Amino acid sequence: MDTLNLLLDGFASAFTLENLLYAAIGVLLGTFVGVLPGIGPAMALALLLPVTYGLDATQALIMFAGIYYGGMYGGSTTSILLNTPGESASVMTAIEGNKMAKKGRAAQALATAAIGSFIAGTIGTLLVAFFTPSIASWAVEIGAPSYFAIMLLSMVLVSSVLGASKLRGFIALAIGLTIGLVGLDASTAQARLTGGYLELADGIDIVVVAVGVFAIGEALWTAAHLRRRPIDVIPVGRPFMGRDDWRRSWAPWLRGTAFGFPFGALPAGGAETPTFLSYITERKLAARRGSADEFGEGAIEGVAGPEAANNASAAGMFVPLLALGLPVTATASILLAAMQKYGIVPGPTLMTDQPDLIWTLLASLLIGNTLLLVINLPLAPLWARLLRIPRPQLYAGILFFACLGAYSVGQSSFDLLLLLLFGGLGFATRRFGIPVLPLILGVILGPLMEVKMREALDLSNGDVSGLFNEPLAIFVYVLVVLAIVVPLLLARFRPSPLLDQHVQREDQEVS
Amino acid sequence: MSEKNVVADQRVDRAQFALAAVLAVVGIYTIIDARGLNVGFGDPIGPRVFPYVIGTAMVVLAVLLAVATARGDVPEAEEGEDVDLTSPPDWLTVAKLVGILVLNILLVNLVGWAITGGLLFAGCAWALGSRTLVRDLLVGFVLSVASWYFFYVGLGVPLSPGILDGIL
């Protein structure tokens, strides 16, 4: 029960009035930004990063935890009350959630999403607390070659498994890795790809890249295709659930959690697969009960399951992040960047170097999750009103805060220029259907990967065998090869993957 | 979702050739840039290898993209809550927004965030079709002055005061 004691210590340090205040502010800000259409959790975090500059590491992490869960919850509110989901993780929630809302059951849909998120988030965070230390103590033993291989695996999975086009996934990755190259080489201090600009010597701040690609790119892209007719927002009262809704929700919550957590903890699991699996499972189970026809017409199970899966995978993401220093989602990449700003180096040594910080973070995740439920259930009608903000002012606001965030990093107009350039890149990725996640992951993992590669090759005096001289590394390389080859073989036997086909059909139904 | 479904009624997406060309140029530049680096004594790897690998991969991917495009591969543009892909892109609005952002870059250190921030907000709202200019200006200046004070007092980050130095 060592873990439990450590977690209780974490609670002790998180439970000061000041810290609770920061958690509450984080939850409110995160939900506020997350509810706004066009802004997902990753963008919410990137935009709100500057707000934490004046805080010390613990308080900043507590606030991040609040922003993180708030942003997630805000996203699901948007997808239930509006017809079009903003992020891929909410696609499944939106199918049944929006149908429920149209039938006047928006309050129940929001309630089952909120309570499901709370339960999944709590179970998920507890699992993180119990798994991370053992994985970290095992991960300390991992040598540079294996570490390099694991990062490669994560990148290959993110680029090839998720998203519709493998080619575009790898293009995104290559762009990200190139951006990561900019700056002084870590060991010889020679400038790479700076084009002679001194401002680029320190490399490009991930905040500028993320805010540019997410926020400016999104605003420009939306500006080019702004929906001119007003969008339907479904009004909502205070969320609540009847006895029947509880009876139908609790099992999907738990099943969704079981799907979500492992996928989140795996490199490149993401939330798409578990939310999809959860949705399919709930529909099959409903068919067995003989109530399948309700699916597609607003079945509460179809909201409860995927929403829980979504949040459980969001919690699972902390396992690789804290134990290996490996971000597997865009949100985790931003969190990693934020931690680096405070001189915290995530990775196997983090659990031993700064245990207080980690246990405080985990405790504040649990607190943030609870606050989310307490604060947001009564506030839901207010959040729903945010969806009616006129679009010109909404996107002007996004651009304003994006510029403010990038400018505050170093009070330099050069950062604003970079921001605009990355905004152009973000526009291009949306125009050409290039996924953003591999790009962000490339920016943040690229430099780390180079360090590990050179470490491994230095030991072998430059001989390539230095990358293969650990059994674990070879095992991971086999996985990398499988990750590339198996989908190709599957594609040969089954021309269009089940998932794509299904999602597409649902998309058509929704739109 | 999969490219095959949309091929039937599509022409070749010319812009994708341009993208492939840009990617190839970036890849080649990465390789050329890495050639100019020195490898230190006793450093078996040096700072060149990683950029070489990435640059080469980029060029290969650019070629693959060009081939795929010629074969009729079309991208699946991103959808969103406020995005309507059925209408042709509105380049005028995008150009206005970029112009306003550039203006902000040029003026922010000179005039100060408290002023350019307000203009930025109102300008963007105008470009996106808002016709309540006075209200937008008011909202913009409240936002920019408030954010200036928030960063200065709350976070200890002095954003440029510009010509309002001493007044704020």
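The contact between the two chains takes 64 residues from chain A and 67 residues from chain B, two residues being in contact if their C-beta atoms, placed from the backbone, lie within 7 Å. On the side of chain A that touches chain B, α7 (166–181), α8 (206–224), α16 (391–410), α17 (413–431), α18 (437–459) and α20 (498–510) each supply at least two residues. The largest share, 12 residues, comes from α16(A). By class, this side of chain A has 33 nonpolar, 21 polar and 10 charged residues. Here Ala, Val, Leu, Ile, Met, Phe, Trp, Tyr, Cys and Pro count as nonpolar, Asp, Glu, Lys and Arg as charged, and the others, Gly among them, as polar. Helices (H or I, at least four residues) are DSSP runs, numbered from the N terminus.

This is a predicted model, in which local features need pLDDT of at least 70 and side-chain atom pairs count only at pLDDT 80 or more, while totals for chains, interfaces and linings use all residues. Residues are numbered from 1 along each chain as its sequence is written, and chains are lettered from A and ligands numbered from 1 in the order in which they are written.

In chain A, helix α6 (residues 144–160) and α7(A) pack at an angle of about 135 degrees, with their axes 7 Å apart. Axes are lines fitted to C-alpha atoms, for helices over the stretch in contact, and angles run from 0 to 180 degrees between N-to-C directions. The two helices are therefore oblique to each other; angles under 35 degrees count as roughly parallel, over 145 as roughly antiparallel, 65 to 115 as roughly perpendicular and the rest as oblique. A:M155, A:S159 and A:S160 in α6(A) meet A:K166, A:G169, A:F170, A:A172 and A:L173 in α7(A).

In chain B, helix α2 (residues 14–35) and helix α3 (residues 49–70) pack at an angle of about 165 degrees, with their axes 8 Å apart. That makes α2(B) roughly antiparallel to α3(B).

| Contact | Nonpolar | Polar | Charged |
|---|---|---|---|
| α6(A) with α7(A) | 4 residues | 3 residues | 1 residue |
| α2(B) with α3(B) | 18 residues | 6 residues | 1 residue |

The UniProt annotation "transmembrane region", from an unreviewed entry, covers residues 15–37, 49–70, 97–121 and 133–151 of chain B; such annotations may be inferred rather than shown by experiment. Residues 49–70 of chain B are 100% helix and 0% strand, and their end C-alpha atoms lie 32 Å apart. Residues 97–121 of chain B are 96% helix and 0% strand, with end C-alpha atoms 10 Å apart.

B:A66 is placed in helix α3 of chain B. B:A66 is partly exposed, with 18 other C-beta atoms within 10 Å. A residue is buried if 20 or more other C-beta atoms lie within 10 Å of its own, exposed if 12 or fewer, and partly exposed in between. Not counting residues up to four places away in sequence, B:A66 touches B:F17 and B:A20.

Helix α3 (residues 41–48) of chain A is largely enclosed by the rest of the structure, because 8 of its 8 residues are buried. What covers them includes α2 (17–35), α4 (57–81), α8, α13 (330–341) and α16 of chain A.

A:T3 lies in helix α1 (residues 2–14) of chain A and is partly exposed, with 16 other C-beta atoms within 10 Å. A:T3 touches A:A129, A:F130 and A:P133, not counting residues up to four places away in sequence.
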